[in-house]
Amino acid sequence: MRSLIDIKELSTQEIDELIAVAKDIISDPAKYSEKCKGKKLATLFYEASTRTRLSFEAAMYELGGNVLGFSSADNSSASKGESVADTVRVCSGYADIIAMRHPKEGAPLVASMHSLVPIINAGDGGHNHPTQTLTDLLTINREKGRFENLVVGLCGDLKFGRTVHSLIGAMARYNNVKFVLISPDELKVPSYIKQELDKDGVEYVETRSLEDAIPELDILYMTRVQRERFFNEEDYLRLKDTYILNMSKLEKAKEDLSILHPLPRVNEISVEIDNDKRACYFEQALNGKYIRMALIMKLLGVE
Ligand code: CP
């Protein structure tokens, strides 16, 4: 039995295989409509979500399976003090696979130690969000046709943004990828991630200026400032609108730039960008359903 807690648990070959299956699902969804017939997915979400929870549920329905679960700690017995370990032990008797989101880093790892079925980390605090990264990789693959030889800009809250941490971990394994880390000083990428990039000889630069960085980018990954992870509201209010991507900032960008965002968006991408051919974020959200279908099948051992 295998869980997915951190994107680094997947080999490059496995990521390639998941992407190939997701693309096949996109081209022929009917072929997959009964692959998980009789199987159940439990979504145990202790923290708010729209895309991740609903795309997991849509993925299981489209595979012919069923879903059960809860969408916040308040409407589960966690509100009465039940531990993650006990909840998972019980729910793994009700479902064949579990997707869990939790505000505490490491909670899905703890869950995997007590579960009788595979656990998928659907986002744990500021740590990791591996299925978002698979979504991002499928989007980059469909947009660019490759992962190598790309300049990837990551902009916004690089400190608390778990999708950023996972994506750097995944993209760093490909040849000639350069990261441009665009953030205010207070929201820089954590040191442990930069140490890993240094150790692996991966090129990166840090800057505060989106305007200066944008001309050389192939991918621009915008992120929301993560209000829920701030210790005080004053700091959040001061930093929340540091970067707002609008048409005037795009003037110096490449014609084939791909703009990604894990969503939800607050102010960081102006809605005027939505109809620009470089905007990929709504397609990216849809890709999340297909790659989660591929992952559910893999972890359930479905051919
Ligand atoms: N991208 C993402 O994780 O979105 P949700 O918080 O809506 O699931």
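Q: At what angle do the axes of helix H5 and helix H11 cross?
A: Two packed helices are described by the angle between their axes and by the distance between those axes. In this predicted model, helix H5 (residues 130-144) and helix H11 (residues 281-300) cross at roughly 115°, and their axes come within 8 Å. H5 and H11 are therefore roughly perpendicular to each other, since angles of 65 to 115 degrees are put in that class. The crossing of H5 and H11 is right-handed.

Q: Which residues of H5 and H11 make the contact?
A: From H5 come Thr131, Gln132, Leu134, Thr135, Asp136, Leu138, Thr139 and Arg142. H11 supplies Glu283, Gln284, Asn287, Gly288, Tyr290, Ile291, Arg292 and Leu295. Sorted by class, the contact of H5 with H11 has seven polar, five nonpolar and four charged residues.

Q: What is the angle between helix H3 and helix H4?
A: Helix H3 (residues 84-91) packs against helix H4 (residues 107-114) at about 50°, and the axes are 8 Å apart. That angle makes H3 oblique to H4.

Q: Is the crossing of H3 and H4 left-handed or right-handed?
A: The crossing of H3 and H4 is right-handed.

Q: Which residues of H3 and H4 make the contact?
A: On H3 they are Val84, Ala85, Val88 and Arg89, and on H4 they are Ala107, Ala111 and His114. By class, the contact of H3 with H4 has five nonpolar residues, one polar and one charged.

Key: Residues numbered from 1 in each chain as written. Predicted model: local features only at pLDDT ≥ 70, side-chain atom pairs only at ≥ 80, totals over all residues. Heavy atoms only, no water. Axes fitted to C-alpha atoms, helices over the stretch in contact; angles between N-to-C directions. Helix = DSSP H or I, 4+ residues; strand = E, 2+ residues; numbered from the N terminus. Parallel < 35°, antiparallel > 145°, perpendicular 65-115°, else oblique. Left-handed = near helix turned anticlockwise from the far one by under 90°. Contact = heavy atoms within 4.5 Å. Nonpolar A, V, L, I, M, F, W, Y, C, P; charged D, E, K, R; others polar.
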